[in-house]
Amino acid sequence: MIKHTLLLLSSALLFTACTQDTVELADPDMKVSAKNAATVLIAVDGDKTRAVRHLVIGTDEAPLDYELYFHDKKISEGFIAVKIPAPSTNIILKEYSLNGHYGCSRGKSGYGSGSKRIPKVLPGKSYFLGTINTDMNTVYNEMPNRLIGEAKSKYRYTAHGEDIEKKTKFKSHLSI
């Protein structure tokens, strides 16, 4: 009886201690919509000399975070669309690394992180998490205008005011 109880207890601890620490790429044509997942879009912008080779996405529900590695084909433009278990809360791009130039090693010079936080994702919905600019090794919160059409058509994403780059014109107030 004690052996069975210990076996049951250790099995339960093993299953509850294991957390999914990877996520998978979403179907680019969204033909298969995951019932228990949301699609999180991360735009990649740059001159194609550098590309994203590694991502870490954090949520409150994943204590070990989600990691995604691009071993064969690194992403240098367009979107990285990731299926995240949903519902999830406080989604953030915790870390990314680039290949090319000084970002080829796992040193701090090749790493970056995002600042935009998505409060909650729901199953079957698409969300935008930010744009990785590979030229400057930075992340900004706006989606590049040239990618808005792709986000709408491929990923059924509806752009929000904060996702679209705000353009302002500066007028000279100098008088001669």
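The questions and answers below look at salt bridges and at one helix in a predicted model.

Reader: How are the residues numbered, and which pLDDT is needed for local features?
Author: Residues are counted from 1 along each chain as its sequence is written, and side-chain values use heavy atoms, with hydrogens and water left out. Because the model is predicted, totals for chains, interfaces and linings use all residues, while side-chain atom pairs count only at pLDDT 80 or more and local features need pLDDT of at least 70.

Reader: How many salt bridges are there?
Author: A salt bridge is counted where a side-chain nitrogen of Lys or Arg lies within 4 Å of a carboxyl oxygen of Asp or Glu. By this rule the count is four.

Reader: Asp45 forms a salt bridge with Arg146, so how many residues apart in sequence are the parts that the pair ties together?
Author: The closest N and O atoms of Asp45 and Arg146 are 2.7 Å apart. Helices (H or I, at least four residues) and strands (E, at least two) are DSSP runs, numbered from the N terminus. Asp45 lies in strand E2 (residues 37–45) and Arg146 in helix H2 (residues 145–155), so the parts joined by this pair are separated in sequence by 101 residues.

Reader: What separates Glu150 and Lys154 in helix H2?
Author: The side chains of Glu150 and Lys154 meet in a salt bridge, at 3.9 Å from N to O. Glu150 is partly exposed at 25%, and Lys154 is partly exposed at 33%. Because they stand four residues apart in helix H2, what separates them is about one helical turn.

Reader: Within what arc do the buried residues of H2 fall?
Author: The buried residues in H2 are Leu147, Ile148, Ala151 and Tyr155. The arc is that of the directions from the helix axis to the C-beta atoms. Seen down the axis, these buried residues line one face of H2, because they fall within an arc of 120°.

Reader: Which exposed residues does the face of H2 turned away from its buried side carry?
Author: The buried residues of H2 pack against E2, strand E5 (78–85) and strand E9 (126–133), where contact means heavy atoms within 4.5 Å. The face turned away from that buried side carries the exposed residues Arg146 and Ser153.

Technical notes. Buried < 20%, exposed > 50% of the residue type's maximum accessible area, 1.4 Å probe, protein only.
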